[in-house]
Amino acid sequence: MSVVDRLAEPFDREETERRPVGLALLSGAVAAAVLSPLAWIVLRVLQVDTDYALSILARPTTVEITLTSLALVAAVTAASVLLGVPLAFLTVRTDLPFRRFWTVAVALPLVVPSYLGALTFIMAFGPGGELVKLLAPLGVESLPSIYGFGGTTLVLTLYTYPYVFITTRASLLSFDQQLVEAARTLGTSRWAAFKRVTIPQLLPGIASGALLVALYALSDFGTPALLRLDVFTRVIMVEYNAFGRSTAAMLSLQLLAITAVILAVESRVGDSTQGAYVGTSPDPESDTTVSLGRWKLPALLFCFVVACLCLVVPVAVLLVWLLRSPEAATRLGTEFQWGFAVNSTKVSLLTALVCAAAAVPVAYHAARHRSRLAELFDRATYVGYAMPGIVLGLALVFFGVWYQSTAGGISESLFGADYAPQLYQALPLLIFAYVVRFLPQSVGATRSSVQRVDRSLTEAARTLGRSRSAAFRRITLPLIAPGVIGGAALVFLTTMKELPATLLLHPTGFETLVTYIWSLRESGNYGEIAVPALALIVVSGLSMVVILSQED
């Protein structure tokens with residue numbers, strides 16, 4: 001089963017062990033830490049004059065931004081489902097040639113940051129782009145504009161559909177096809193069996209991936225900024241840079257309200273589909289492969305086109321930049337330093353380790369001690385993932401340096417430099433932001449692994465005189481290690497790509513691949529982006545090996 005799919009596994013309501021107070025307190029502390037940035041944003045908004053706050057929310061531009069953001073989320077989510085579900089079915093249930101190769105090829109776009117994809121698409125399909133130059137001898141002088149809503153939807157879809165692909169693939173791998181065969185023997189038609197048996201089994205996985213896509217599309221900053229689409233994240237950053245801190249805070253709170261609505265909708269979908277899970281395992285000896293027949297060539301072409309758009313186009317553009325700017329490769333010791341890659345790897349690895357350690361008590365508490373409190377702590381970790389990186393970054397900036405003498409004691413104590421000046425632009429604050437943002441990925445993977453550990457094993461250890469902690473160390477921890485490692489790999493991957501929080505919080509002089517690429521983009525030195533961008537893709541790609549290995 002895939003690591004990403006474990007983010008939305010249904011809860012088993014059965015409580016089988018007495019809940020240790022210490023474990024509950026530890027889980028609660030982790031949940032409180034994740035929720036703390038949200039409190040800082042709310043406190044900042046409370047300082048805004050009520051009339052001014054209402055005027056911000058009622059502006060025609062705010063309404064337009066809201067509608068555009070919602071439309072973008074809906075379009076990207078729907079398009080990702082239309083891409084991800086067929087690709088998952090082709091690589092799991094059909095006789096598609098080279099299925100393992102295509103599985104890796106169509107999952108790899110997850111390692112390419114969407115803003116990097118947007119940048120390369122601009123240089124390939126934009127005015128005077130590489131593709132326009134190639135088609136010029138054929139009389140093609142221009143292509144449809146890559147900027148705006150359509151281009152943003154296309155790029156975000158190409159680099160977020162792997163979430164739906166991986167979660168749907170996990171559902172297909174764990175789905176017992178004999179259920180469909182049993183329905184067929186009862187006289188049900190093929191379509192009716194698909195509608196009544198297969199779809200309910202796959203819907204939770206599809207909904208899980210769709211949730212990740214929706215949250216990503218809502219929170220992404222780099223792609224809309226590059227493709228000139230005014231959505232919440234872009235406008236919030238513009239307001240922040242223009243010292244419109246009150247407006248940025250109000251828009252951040254509104255963005256958080258929208259993410260809360262998305263989570264509520266997903267929660268209802270998850271509750272309605274929990275009954276679809278059947279406690280059976282697929283029969284490894286049953287042949288459930290669907291023959292594509294004459295559709296084999298179109299299926300191969302479909303996979304080829306998707307892989308080309310997501311992988312070949314950005315890599316080809318980066319290689320062209322590198323070949324056209326050979327001087328960029330000779331300046332690696334000056335402008336570009338491999339220390340940037342080391343910095344990115346270091347903070348990503350530290351974040352992955354912290355997330356793995358913090359996820360274990362929350363996941364174990366949620367999986368082994370069923371209660372409303374355990375569920376509350378578990379769900380609280382999702383708030384950080386739902387909080388866009390730019391909002392999280394602003395919350396921690398407010399906490400570290402906000403100083404407003406006209407607001408009196410509250411401003412100086414809660415947001416002033418006197419409160420925590422040593423934290424602002426410090427590495428611990430950056431890592432804390434990453435942990436808050438990506439902890440749910442590790443919690444979901446670890447919780448899923450805990451749920452699959454046979455409780456009788458730990459009970460046997462207890463009857464032999466082992467303490468609760470000793471039984472956990474000797475029995476449970478080794479068995480859940482693959483899930484913990486897989487979740488950490490996913491955290492590492494997403495941390496490597498994170499842009500807005502890194503731009504706002506990285507320490508002065510602490511350059512990473514992400515910040516260096518963005519600074520080159522702002523200065524227009526596209527030829528020098530190739531080396532750090534390729535380095536980012538390669539390092540991030542290594543974590544995909546661990547993630548895909550979890551299917552076994």
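Select R234 to begin: at 22% relative accessibility, this residue counts as partly exposed. The term belongs to a scale on which buried means under 20% relative accessible area, exposed means over 50%, and partly exposed lies in between (1.4 Å probe, protein chains only). The model is a predicted one, in which local features need pLDDT of at least 70 and side-chain atom pairs count only at pLDDT 80 or more, while totals for chains, interfaces and linings use all residues. Residues are numbered from 1 along each chain as its sequence is written, and side-chain values use heavy atoms, with hydrogens and water left out.

**Salt bridges**

A salt bridge here is a side-chain nitrogen of Lys or Arg within 4 Å of a carboxyl oxygen of Asp or Glu. D230 has 44% relative accessibility and therefore counts as partly exposed. The whole structure contains 3 salt bridges by this search.

Next, select D95 and K296, which form a salt bridge whose closest N and O atoms are 3.6 Å apart. D95 is in the loop between α3 (60-93) and α4 (99-107), and K296 is in helix α13 (residues 296-324), so the pair ties together parts that are 201 residues apart in sequence. Helices (H or I, at least four residues) and strands (E, at least two) are DSSP runs, numbered from the N terminus. D95 is partly exposed, with 25% relative accessibility, and K296 is also partly exposed, with 28%.

Then move to R437 and E498, whose side chains meet in a salt bridge with an N to O distance of 3.8 Å. Since R437 belongs to helix α19 and E498 to the loop between α21 (468-497) and α22 (500-505), this pair ties together parts that are 61 residues apart in sequence. R437 counts as buried at 7% relative accessibility, and E498 counts as buried at 7% as well.

**Helices α15 and α19**

Stay with α19 and display α15 with it. Helix α15 (residues 338-368) packs on helix α19 (residues 427-451) at an angle of about 45 degrees, and their axes are 6 Å apart. Each axis is a line fitted to C-alpha atoms, for helices over the stretch in contact, and angles run from 0 to 180 degrees between N-to-C directions. The two helices are therefore oblique to each other; angles under 35 degrees count as roughly parallel, over 145 as roughly antiparallel, 65 to 115 as roughly perpendicular, and the rest as oblique. The crossing of α15 over α19 is right-handed, and the residues of their contact comprise 21 nonpolar, 4 polar and 2 charged. A crossing is right-handed if the near helix is turned clockwise from the far one by less than a right angle, and left-handed if anticlockwise. Ala, Val, Leu, Ile, Met, Phe, Trp, Tyr, Cys and Pro count as nonpolar, Asp, Glu, Lys and Arg as charged, and the others, Gly among them, as polar.

Within helix α19, select S442. With 0% relative accessibility, S442 counts as buried. Leaving aside residues up to four places away in sequence, S442 touches C355, A356, A359, G487, A488 and V491; contact means heavy atoms within 4.5 Å.

**Helices α13 and α24**

From α13, select L318, L319, W321 and L322, which meet A530, V531, A533, L534 and I537 of α24. The residues of this contact are 9 nonpolar, no polar and no charged.

S540 is a further stop in helix α24. Its relative accessible area is 0%, so S540 is buried. Apart from residues up to four places away in sequence, S540 is in contact with V111, L493 and M496.

In α4, select W102, T103, A105, V106 and A107, which are buried. The elements covering the buried residues of α4 include α3, α7 (149-173), α13 and α24.

In helix α23 (residues 513-523), the buried residues are L513, V514, T515, Y516, I517, W518 and L520. Just after α23, select G524, which adopts a positive phi of about 80 degrees.

**The whole chain**

Finally, display the entire protein chain, which has 24 helices and 0 strands. Of its 552 residues, 55% count as buried. Among contacts in the chain with a separation of 6 or more, 82% are between residues 24 or more positions apart.
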